[in-house]
Amino acid sequence: MKKEILKLRDVKVYFPVKAGVFNRTVGHVMAVDGVDLDIYRGEVLGLAGESGCGKTTLGKAILRLVEPTNGEVTYVSKEEDETELTSLEKKDMDPFRKKLQIVFQDPHSSLNPSFTIFGSLQDPLKKFGVNSKEERRKIIGDLLEAVNMRREYMDRYPHEFSGGQRQRIGIVRALCLDPELIVCDEAVSALDVSIQAQVLQLLMQLKKDNNLTYLFITHDLSVTEYLCDRIAVMYLGRIVELCDSEDLYKNTLHPYSEALISAIPVADLDKKTKRIVLEGDVPSPVNPPKGCPFHPRCPKAKDICKTEVPTLKKYSTNGNEHYASCHLIDLPEIS
Amino acid sequence: MTDKNNIALSVKNLKTFFYTNNRCNKAVNGVSFDVEKGKTLCIVGESGCGKSVTAATIMQLLPTLSRIEEGEIIFRKDDKTINIEKLEKNGKEMRNIRGSDIAMIFQDPMTALNPVYTVGFQISENLKYHTNLNRKEIREKSISLLNDMGIPLPEKRVDEYPHSYSGGMRQRAMIAMAMACNPKILIADEPTTALDVTIQAQIFELMEKLKEENDTAIILITHDMGVVAELADNVAVMYMGNIVEAGTADDVLRRPTHPYTKALLESVPVLGRGKNQDINPIKGSTPDPYNRPIGCQFAPRCNWQTESCDVMPEITQINKTHEIRCHKYEQFFEKYNEKRDS
């Protein structure tokens, strides 16, 4: 039986837009606009979408690096004790910070250039009660070896490393407190293809060794297909489709996912398909279109799409749960 | 090989070196290729392999600390041939070619556009220097260019500044600028890397249309094998300043023969192959350009390395279109022949 590790209920993150002499709030950027999502223990959940769709904000809201405006994020421990993270005081978050970690996108800006690697990485250990320096050095040294780097590297500075190495140091930083869930925010996007494959394999290996759960945020659907068990596709702050990674490619339900998949260039001459070219750009999240947020670009849009907002409904494809929010799906809905 | 009259640009044994701190970086170290009219040549490689420097050399846009050491860049204009490498960098002839006969699209449209001038002004600059149109005609042409690129309300948009354009629209404006004088050759340096896939699809559609309508030769620089499969007619794979494998898209993608090309293709997950596909990372990382391997540049990372790899391999022609720089290619190529026969 699958057990949840995180439950998200109606999570919203709005950023105020200020203007004028008095800096009054004139509107809101609806970065994340009502997301319901369960993350199960031991799975890799992919979060895909174009830039500006709110995937990074959602990842940060889970860790409360950005305060959610509304909604609940509930952490379920191994013993099935539930704690609602969003209502905790800042200082009460600490024990949960240890369990929920993040790997950032840009390995060049996420390490402090004036500290050695050990200097940067020892702070979280100090905070969580590893008091002897010897022990801290041992933990970090062991982890560096686990990501195929030499133990001595911990006394070097970030500028001495290449992009792939820095990304591995970022992974060590996330791992050093023995977390349960890691949010990988575009962890491989900034790397060259040959290095990207190395980091992907490393992430899979670490998951096996440490029983980790990943929330893997990326815009690259070929990587998600390879890595993830389930994939959630986001558009303008909402999840439009959520299903098993295989079903997303074989039984695509939402027209947006379909267009997204067809737009990806595939390095295989035999698999050339007709691309569905969407017109226009992603609308502004300050002023999203009425009705289905995707209708102005949707090639299949009907009248109902312009007025009614579709909800995320449950269907079944291939015997698996498959959620999608579109008016035009003619599969029977499952309650 | 190919019909001589169809070749728009040929580069022969081009070497571009950079000099800093008394050290020499051989960024482009003997590159040769031909670009045909109405065809797309894709140059693929990882960062630092010299693909952008090749493009900058053709456009004579190199920084002062670098120079063309050797080689020829021959541009065929109508019946004349022009040796670009002999022209003065900012001389009259080079400035005539740059922007009108050979145009370039850059990777990041935000830094390539000037934020203090309107988009219309930046497009018309090109027309002002390279054509005899008067002011009114220039404005009309700018608007029709934006219209061709699929920018909505071009009459209004032409007077707006780059900051009010979205990423995809900025890249279109850049293409409009590059296409203003109907160039014979369009060099696109990672034109879609900064864009989302749906916008990338729009830009590709546009580039294919331009190629068919104007018979433009396109040099597309990319690191994404997917893009190559999508757009390329011919492919050149670069590694550490050399072309290691070149041929038609069919040659290179269906019968990759150089170990590096094979490794590149095997290291990216391919959409639609599911979770059970094998991806094999290339071991190690690209060498330091100041401390290169002595022979074949790929040897230290190659699974088939032998002693013979201490000598730089020569280019070998496998068939009419397919050429490769490797000592042991026969071994790999035979496999394809066997497969075909059986």
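## The sheet in chain A

In this predicted model, chain A holds an open sheet built from 8 strands. Reading across, the order is E6-E7-E8-E3-E9-E10-E12-E11, with mixed pairing. From one strand to the next, the twist averages 20 degrees.

Let's look at one pair in that sheet. Strand E3 (residues 44-48) and strand E9 (residues 230-235) of chain A run parallel, joined by 4 bridges. Here Leu47(A) stands opposite Ala232(A) in E9(A).

## A hairpin in chain B

Over in chain B, strand E9 (residues 234-239) and strand E10 (residues 242-248) run antiparallel, with 6 bridges joining them. The two form a hairpin with 2 residues between them. One residue in the turn, Met240(B), has a positive phi of about 50 degrees. Tyr239(B) has Asn242(B) in E10(B) as its bridge partner.

How many of the 7 residues of E10(B) are buried? The count is 6, so that strand is mostly covered. E10(B) is also joined by 2 bridges to strand E12 (residues 323-324) of chain B, again running antiparallel. Across that pairing, Glu245(B) stands opposite Ile324(B).

## The nonpolar core

The largest nonpolar core has 184 residues. Val172(A), Phe216(A), Val233(A), Ala176(B), Ile219(B) and Val237(B) are the ones that touch the most other members.

Take Val237(B) and leave aside residues up to four places away in sequence: what does it touch? Its contacts include Ile243(B), Val244(B) and Glu245(B), along with Val44(B) and Gly45(B). Val252(B), His258(B), Tyr260(B) and Thr261(B) are also among them.

## Helix H4 of chain B

Helix H4 (residues 119-130) of chain B has 12 residues, which at 1.5 Å a residue should span 16 Å. Its end C-alpha atoms are 18 Å apart, which agrees.

Which residues of H4(B) are buried? They are Val119(B), Gly120(B), Gln122(B), Ile123(B), Ser124(B), Asn126(B) and Leu127(B). The buried residues of this helix pack against helix H5 (135-148), helix H6 (154-157) and helix H7 (167-179) of chain B.

## Where the chains meet

The contact between the chains takes 38 residues from chain B and 36 residues from chain A. On the chain B side, helix H8 (197-214), helix H9 (225-231), helix H10 (249-254) and helix H11 (259-266) each supply at least two residues. The residues of chain B that touch chain A divide into 17 nonpolar, 13 polar and 8 charged.

Technical notes. Residues numbered from 1 in each chain as written. Chains lettered and ligands numbered in written order. Predicted model: local features only at pLDDT ≥ 70, side-chain atom pairs only at ≥ 80, totals over all residues. Contact = placed C-beta atoms within 7 Å. Nonpolar A, V, L, I, M, F, W, Y, C, P; charged D, E, K, R; others polar. Expected span 1.5 Å × (residues − 1). Buried ≥ 20, exposed ≤ 12 C-beta atoms within 10 Å, placed from the backbone. Pairing = 2+ DSSP bridges. Core = buried A, V, L, I, M, F, W, Y, C linked by C-beta atoms within 7 Å. Axes fitted to C-alpha atoms, helices over the stretch in contact; angles between N-to-C directions.
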